[in-house]
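Student: Please take a close look at one part of this predicted model. I would like the annotated active site, residue by residue.

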Amino acid sequence: MKVLIVKDYEQMSRIAADIIADIVRRNPSAVLGLATGSTPVGMYKLLSQFVEEKKASFKKVRTVNLDEYVGLGAEHEQSFAHFMRTHLFDSVDVAPNNTHIPNGLADDPQSECDRYHRLLQQLPQDVQVLGLGSNGHIGFNEPDTPFDSTTHTVRLAESTVRDNARFFASREEVPQTAITMGISEIMNARKIIVLASGKNKAQAVKAMVEGEVTPACPASVLQNHADCTVIVDEDAASLLAGNYR
């Protein structure tokens, strides 16, 4: 696990965007595993600028997203499908049929999980971008999710619902369940980039980087990945005891 401690959110976003853009330049047909939430927004803005300035192209890129809320359709303003269109897909030259997100309105969520698992087997990620939940979750893999899990439905932890309530008009509107890529599928990515910013993520960062590898902190499994880069700002890194760059 390579840990990069940077000054602030802007520097974190710039480094992450540069890594993704370099992967796409080297492999124009790369499969990008993507995340939602406030953390990657800066990175997506920079990637959109790179495409506009002809410094990168997503014409042949394929994308797979980590998760989606059960019960929200792709047109819902708080769906992750809508988020991705707003923050990246509508601003780059990616083909819509090359973007993949679980269907939150599937009649049979388990069948949708099975479908998405098969898709991930066909589209192994060249890189997977992850945010980090305040309770150590990655994707929506909450504490005590088995490390060998594949795409599944999950009831969101209270802390996750609370953290995500800021995106909704009220806490009561936050969906209680989601479909998420499993931990084993995340670990199958050739490269993983973890982004974390702010003091509210400091405890989770410490557990992920320096804690015991345990399902109690799902992100701790990333210590076992062959190519994982953690990019955190000074606030998120404030509890780390090790000497990192």
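**The annotated active site**

Tutor: Start with glutamate 142. In this predicted model, glutamate 142 sits in the loop that runs between strand E6 (127–130) and strand E7 (152–155). Its relative accessible area is 6%, and buried means under 20%, so glutamate 142 is buried. Set aside neighbours within four places in sequence. Glutamate 142 then contacts Asn135, His137, Val154, Arg155, Leu156, Ala157, Thr160 and Pro218. One of these partners, asparagine 135, also makes a polar contact: its side chain and that of glutamate 142 are joined at 2.9 Å.

Now the annotation. The "active site" label comes from an unreviewed UniProt entry and covers Asp67, Asn135, His137 and Glu142. From this set, Asp67 and His137 are taken in by the lining of the largest pocket.

Next, aspartate 67. Its place is in strand E4, residues 67–69. Aspartate 67 counts as buried because its relative accessibility is 5%, and the cut-off is under 20%. Again leave out neighbours within four places in sequence. The contacts of aspartate 67 are Thr36, Phe80, Ile101, Pro102, Gly139, Phe140, Ile179 and Thr180.

To recap: glutamate 142 lies in a loop, and aspartate 67 lies in a strand. Glutamate 142 is buried, and aspartate 67 also counts as buried.

Terms used
Residues numbered from 1 in each chain as written. Predicted model: local features only at pLDDT ≥ 70, side-chain atom pairs only at ≥ 80, totals over all residues. Heavy atoms only, no water. UniProt positions renumbered as here; feature names shortened; annotations may be inferred. 1 Å grid on protein atoms, 1.4 Å probe; cavity = no way out; pocket = protein on both sides within 12 Å on 5 of 7 lines; lining within 4 Å. Helix = DSSP H or I, 4+ residues; strand = E, 2+ residues; numbered from the N terminus. Buried < 20%, exposed > 50% of the residue type's maximum accessible area, 1.4 Å probe, protein only. Contact = heavy atoms within 4.5 Å. Polar contact = N/O pair within 3.5 Å; in protein donor to acceptor, adjacent residues only side chain to side chain.
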